Amino acid sequence: MKNIDIAGLTVGNDRPLTIIAGPCQLETADHARMIAGQLKEACDKSGAQFVFKASYDKANRTSLSGKRGLGIDEGLRVLDTIRREFGVPVLTDVHTEAQCAVAAEAVDILQIPAFLCRQTDMLLAAGNTGKAVNIKKGQFLAPWDMANVVAKVESTGNQNILLTERGTSFGYNTLVADMRSLPQMAQGGYPVVMDATHSVQQPGGKGGSTGGQREFAPLMARAAVSLGIASVFIETHQDPDNAPSDGPNMIYLDQMPQLIGSLMRFDALAKADPIRI
């Protein structure tokens, strides 16, 4: 088992659960601050480690008209403010090699989107920053194929790696989450994350945007955490139906404290009696 240090947090498959949560994309500084504050309070109350996540740019929207966020300059300023004000690690997506070093100045975890998980130059650029790198498993990859992805980042000397399951393509506009992938990826030793909200997406399901089934996101989170994993990734919003992106699969913010508390109880059971494969 490899445990990795992220801004003072120790994250690992045999460590207490880390909650990675926040809105899909940044809207305003005040909005990000409001969500970060409520999530940190809920995590502190339940004893969960907390990482705030949000994207400064949603570069892979379904249609050209999709809202993309604040942009890299303003977005990174907001993320750095959240990191300093709340004293929590911050995660954001990067979409090009050039963005990696720039984003690394403001955040603690660089996230490689699923569609880009095999892009060698992206992985090398992220690894070379020395920051933690969260790699989302492509919807088109088997879990054991992630070993090749990991090797690319390791080649930079960076072993601060997390691997995220976010569902596998299963026909048109449909994903399926195979829970076997979590222990299979964990066999490589690195912390494993379950993306509970993106795994219930219906990609392109609304024609010009992505649909989703948010009612199943807590189910995905509970099932994954009961296996004994490092972290669960959840997107949340106070009004998902009017969020600028990924609203159909985001969990209502006021439901998060109860969900986090429940996940911590599942995590305690899983870590007390680990599954061995």
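At 26% relative accessibility, R33 counts as partly exposed, a class that lies between buried (under 20% relative accessible area) and exposed (over 50%), computed with a 1.4 Å probe on protein chains only. The model is predicted, so local features need pLDDT of at least 70 and side-chain atom pairs count only at pLDDT 80 or more, whereas totals for chains, interfaces and linings use all residues. Residues are numbered from 1 along each chain as its sequence is written, and side-chain values use heavy atoms, with hydrogens and water left out.

R33 forms a salt bridge (a side-chain nitrogen of Lys or Arg within 4 Å of a carboxyl oxygen of Asp or Glu) with E85, and their closest N and O atoms are 2.9 Å apart. Because R33 belongs to helix α1 (residues 29-46) and E85 to helix α2 (residues 72-86), the pair ties together parts that are 52 residues apart in sequence; helices are DSSP runs of H or I with at least four residues, strands are runs of E with at least two, and both are numbered from the N terminus. E85, with a relative accessible area of 44%, is partly exposed.

A salt bridge also joins the side chains of K53 and E235, at 2.7 Å from N to O. This pair links distant parts of the chain, since K53 lies in strand β4 (residues 49-53) and E235 in strand β14 (residues 231-237), 182 residues apart, and both K53 and E235 are buried.

In K271 and D267, the closest N and O atoms of the salt bridge are 2.6 Å apart. These two residues are four apart in helix α8 (residues 256-272), which means that about one helical turn separates K271 and D267; D267 is buried, at 3% relative accessibility.

Salt bridges also link D80, R83, R84 and D108 in a network, and a search of the whole structure finds 13 salt bridges.
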